[in-house]
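Hi everyone, thanks for making time.

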Amino acid sequence: MREYAILYDSTYCTGCNTCSYRCIQEFRDHEQAARGLFKTFVQIHDHGMYDKRCMHCKDPQCVGACTSGALTKSEYGPVLFDSAKCTGDKHCVSSCPFHAIQFDEVAKKAVKCSMCAHKVSEGKAPVCIAACPSGALQFGEYSAMAARANELATSGKLKVYGLKENGGTNVIMLTKEDPALLGYPTVSKKHLRAQLLPDAFAALPLVAGAVYTGLKKLSERRSDVALEDTDSKD
Amino acid sequence: MDEIGKLSRRGFLMAAAGAAAVTPAMAFPFQNLKPVGSFQRHPQEQPVYKVTKKVPQVCARACEANCAFDIIVGVDPKTGLERALTIEGRPQDPVSRGKYCIKGLGYVDSLYDPERLLVALKRTNPKKGIDVDPGWVTVKSSDAVTDIIGVMKKHRREELLICSPGNPYTNKLCKSIGVIRSDQRTECFGTHYYINCLTLTNPPNPVYSSTYTPSHHVPGFDFDKCKYQIWFGYDSMTKLGKSGLVNHFAECKRNKSTKIVMFNPVRTPFADSYADSYYSIKPGTDLAVALAIVNTILSTNKYNTEFLKKYSDALALVDEKTKLAVKGTDGSFYAWSTTHKRAEPIDTCDAPALDGGSYTFMLDGTQITAKPVLQLLREGTAQFTPKWASSISGVPAEAIRRIAMEFAAAAPFAMVPSNKRDAAGPNYANSWRLRHAISVINTLAGSIDHEGGILLQHDVTIPWLEDVGGPSPSIPYPELPSKPADFRTEFPVTDDIYRHKDFSAPGHYGMVGYGLYKTDRAKVILFINPHRGLFAAIQPQMVEKGLESKDLVVDWNMYLDDIGYWCDYVLPASHQYEDPKLDVRSYFPKHACLVGGSPVQKSVGDVMGWGTIAIKIGLAMAPQFWTTDGSSDPKKLFPSNMGDVAVKNVGAGKNVKEFMDKGAFWIDERPYENYKQIRQCGYGRPNGRVRMFIDEFSRVGHDALPNWHERWQAPNDAYKFSMLVTRAPWYMQADPNFVNNPILKHVTSKNFMDCVWLSPHAAEKLGLKEGEEILLESNPKYMKDLPRPVKAKLHLSTRVTRDDCVLLYHGIGHRAKNLTVARNYGYRDGDLVPQKDPSISKVFDPLGMGWVEDVFVSIRKA
């Protein structure tokens with residue numbers, strides 16, 4: 001199955017928020033948007049644009065944090081959200097390193113982008129991409145978007161955000177200035193789990209060592225038992 | 001040990017193998033991967049709504065681009081009812097190319113705004129004011145119109161004023177009943193249209209009337225093929241949302257096909273990402289830079305000689321005594337033949353002189369001493385060097401020189417685009433001079449009516465009502481009032497165009513408030529809004545005061561807006577998506593093109609279309625101009641099928657219905673023929689030319705060629721902040737369709753566009769901090785009557801690049817109680833801009849426009 005990604009080149013973005021409004025109309029999210037909750041939103045900063053949206057992490061913490069199974073990572077890119085399963089525990093909100101997940105206090109549900117999974121399933125791009133008048137938002141296979149991001153970053157001397165942050169995401173941002181200046185959270189390029197635990201493969205010798213020690217103990221015990229039996233027969 | 005070794009080795013290997021299998025499965029990147037393997041299993045993979053139809057439409061009210069798209073109609077999952085849901089682009093539209101904007105989307109939702117006016121209202125409390133209960137009762141719209149006609153008939157036509165854009169029905173109504181029409185969009189549109197008329201289009205002509213140019217601007221711009229552009233404030237915040245333009249800008253950026261130089265005291269996102277060079281400029285001084293560009297091009301002889309000789313008035317002789325162009329009895333220009341040593345008609349002149357003189361000759365028994373226009377331009381701009389311009393504007397001299405040379409080198413694929421909210425709009429008293437200078441720069445480049453430059457509409461037009469059916473020309477229309485409330489008669493240059501050449505030309509709304517307040521000229525006022533109201537007026541408090549004592553005030557509007565609180569009747573208006581449309585793509589007229597739009601739904605409530613109302617009034621008050629037999633019988637109305645005629649003329653269908661059935665789109669993709677259109681609509685037709693020398697200005701004591709002039713207002717220690725005005729990209733003026741939208745309110749607030757913006761350094765000097773409430777006041781030297789200081793929240797931004805400027809956002813600050821979202825949100829910039837005393841206005845500006853930014857304010861903590 002193909003894996004998809006969104007590429008946002010902020011050097012084309014004018015901050016018009018047509019993407020934001022088109023998203024609202026697509027999902028009929030008017031009531032929550034009227035409360036200030038937007039699945040995607042562009043803020044015009046003094047130094048550039050901040051496009052705040054779910055980054056669709058490759059290994060999303062929110063999925064692990066969710067106790068109801070409402071959040072799942074798909075093979076084709078988006079982190080999907082089943083509103084019916086959401087119990088409103090907000091663990092996803094606090095676990096998101098990009099602070100992208102919002103919580104609707106009225107509906108008691110999480111709010112986040114789905115990368116228009118219903119469109120992707122029809123072979124179409126998310127509605128925000130189609131709506132973007134300048135082509136700042138692009139969509140395609142992950143490898144192509146990543147390659148394009150690197151190419152544009154090199155040729156345009158741009159910063160890349162989302163390619164490696166949190167271990168990688170399916171939303172890649174390009175900015176002229178330091179993303180932190182624009183409001184993007186500073187997120188480690190290593191996944192949080194990898195920061196806390198050794199690498200899985202580095203753990204193997206430890207595991208092997210533990211197994212060996214256990215078996216050695218078992219063998220010694222068997223020997224001890226055998227010796228005890230011999231002693232008792234005498 | 002051997003046993004252990006044997007056992008543990010085997011066991012160890014098995015255990016290790018097992019651990020090796022398990023451990024990676026717990027690690028990155030496989031944890032939490034719950035494959036949603038095939039589509040259509042997860043709820044978010046299901047379509048959200050069912051589409052039932054797609055209705056073509058053309059956006060006619062949000063900006064000048066007039067994008068064509070389809071409205072998606074489907075079943076709303078929340079209610080199960082069919083409604084307009086969103087928009088899908090129409091890629092074949094050469095303007096929008098499949099794009100649309102947030103305003104177009106907002107319009108979809110506004111169809112269902114719960115505060116939309118659906119019934120006609122009649123006041124029962126005669127006391128007017130925003131805080132006074134009008135005592136509204138609902139009446140039938142048709143009964144209200146009958147009452148209104150009754151009052152109109154009791155007044156002389158000099159006492160009637162219709163404030164409306166120049167649409168076909170307003171034009172005809174005003175002409176037939178002999179009433180002045182004042183266009184409330186003058187502040188935005190007037191300067192460009194009049195300068196275009198005086199330089200390019202010489203109305204009436206086969207193609208243009210102000211009615212059908214969406215911003216009254218006339219030409220379009222070929223961004224796609226242009227190599228060099230100079231923007232004098234063209235990169236306003238408002239344009240950030242204009243998808244019909246942005247899609248072209250983005251393509252140029254992608255192709256690296258154009259270089260753009262921007263001048264603006266505000267550093268917009270356009271400047272960040274689309275400009276090759278950006279210069280912070282002192283507000284109101286763009287004229288100095290433009291004049292220096294003219295000076296540089298002329299002094300280095302880098303102008304397009306062939307274009308100037310063949311398609312402009314550069315050769316035309318100007319009488320030094322009268323300061324008027326020398327013309328023959330047939331109106332043709334004269335040029336000086338360097339071989340025959342005499343004045344000859346310009347089109348047949350042998351070896352005409354582009355410069356030199358004075359040349360003395362006899363013409364029709366009179367001795368004339370004259371010089372060619374280009375010579376006068378050269379002499380007139382000799383002092384406006386880049387160094388001089390730099391001292392005024394703050395832009396480095398070397399940059400101005402370099403820009404002028406680069407521009408000339410790229411010509412004719414070089415242009416200066418300009419539109420309503422930029423510095424060449426109506427923003428300053430000297431803006432008309434800047435707009436004139438821009439036209440001269442484009443003329444020197446030969447980029448007018450050329451690919452990659454200024455495009456002129458051709459081979460498609462929509463006729464006036466009178467063109468498809470009307471009374472015999474032997475029945476003259478009544479004389480128009482000689483003392484109108486908008487004082488347009490004080491400005492003969494524009495009044496002449498309005499009365500004799502293009503009745504749809506913009507009016508003088510910059511003085512309507514003054515006229516209503518200071519005089520009793522107008523007693524009955526009809527505002528054909530439907531979405532601008534008081535906000536389209538500068539110093540609206542003067543309009544409010546003036547309206548208090550009038551005999552009848554009516555507003556045709558989609559909402560009970562602020563102005564409604566001074567009205568006797570408010571009639572519900574249709575939504576633009578409920579109207580049929582036909583548009584000629586005049587913002588990008590590369591190819592002759594027509595796009596059509598169908599109503600998404602019938603107008604709701606007791607809405608009467610403005611055309612229907614105009615016909616009713618016309619039949620009651622001047623039937624001889626409306627019916628074939630001069631009676632008031634509506635069955636005898638003259639034909640009004642302008643759309644059918646337009647469509648049939650280009651072969652796009654037998655009539656509009658067929659055109660719509662065939663897809664509501666027609667285009668003739670023949671390559672653009674450079675310089676063909678000038679001949680058809682220019683001066684001196686049939687060999688039309690563009691003009692640089694406007695002797696209409698000479699006749700009223702102003703400069704016929706661009707000249708330097710200071711701003712109207714000057715700063716002092718107390719009032720030192722130059723007021724800049726812009727608009728949020730998702731708002732269209734003060735239209736409640738957007739400002740009353742709760743979602744757009746959040747978008748505005750999150751972007752601080754409900755605040756007044758100041759540079760951090762300027763704020764620090766004033767001791768002001770982010771988020772504080774501040775008070776802005778106008779200089780009482782200029783705002784003599786009814787001052788109304790503005791209280792607003794402050795936002796600090798380095799995008800305001802100068803410490804002597806303050807940036808305000810237009811369109812917010814509604815006070816109407818019934819607009820629950822818009823009410824008390826933000827502030828009203830217009831309260832700070834004085835209405836113009838016409839006796840002062842005409843000293844500075846022969847067009848009589850609004851000067852919305854020619855204001856210096858004081859700022860202090862509230």
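Let's begin with terms: two strands pair if DSSP finds at least two bridges between them. Helices (H or I, at least four residues) and strands (E, at least two) are DSSP runs, numbered from the N terminus. This is a predicted model, where local features need pLDDT of at least 70, side-chain atom pairs count only at pLDDT 80 or more, and totals for chains, interfaces and linings use all residues. Residues are numbered from 1 along each chain as its sequence is written, chains are lettered from A and ligands numbered from 1 in the order in which they are written, and side-chain values use heavy atoms, with hydrogens and water left out.

Now to β20(B), residues 552-557.

What are its partners? β19(B), residues 524-528, runs parallel to β20(B), joined by five bridges, and β21(B), residues 569-572, is also parallel to β20(B), over four bridges. Follow W556(B): this residue is the bridge partner of I528(B) and stands opposite L571(B) in β21(B).

Elsewhere in chain B, four strands form an open, parallel sheet in the order β11-β10-β9-β17. β11 (277-279) and β17 (414-415) each have a single partner strand, so one side of each is left without a neighbour in the sheet. Three bridges link β10(B), residues 259-263, to β11(B), with M262(B) opposite Y278(B).
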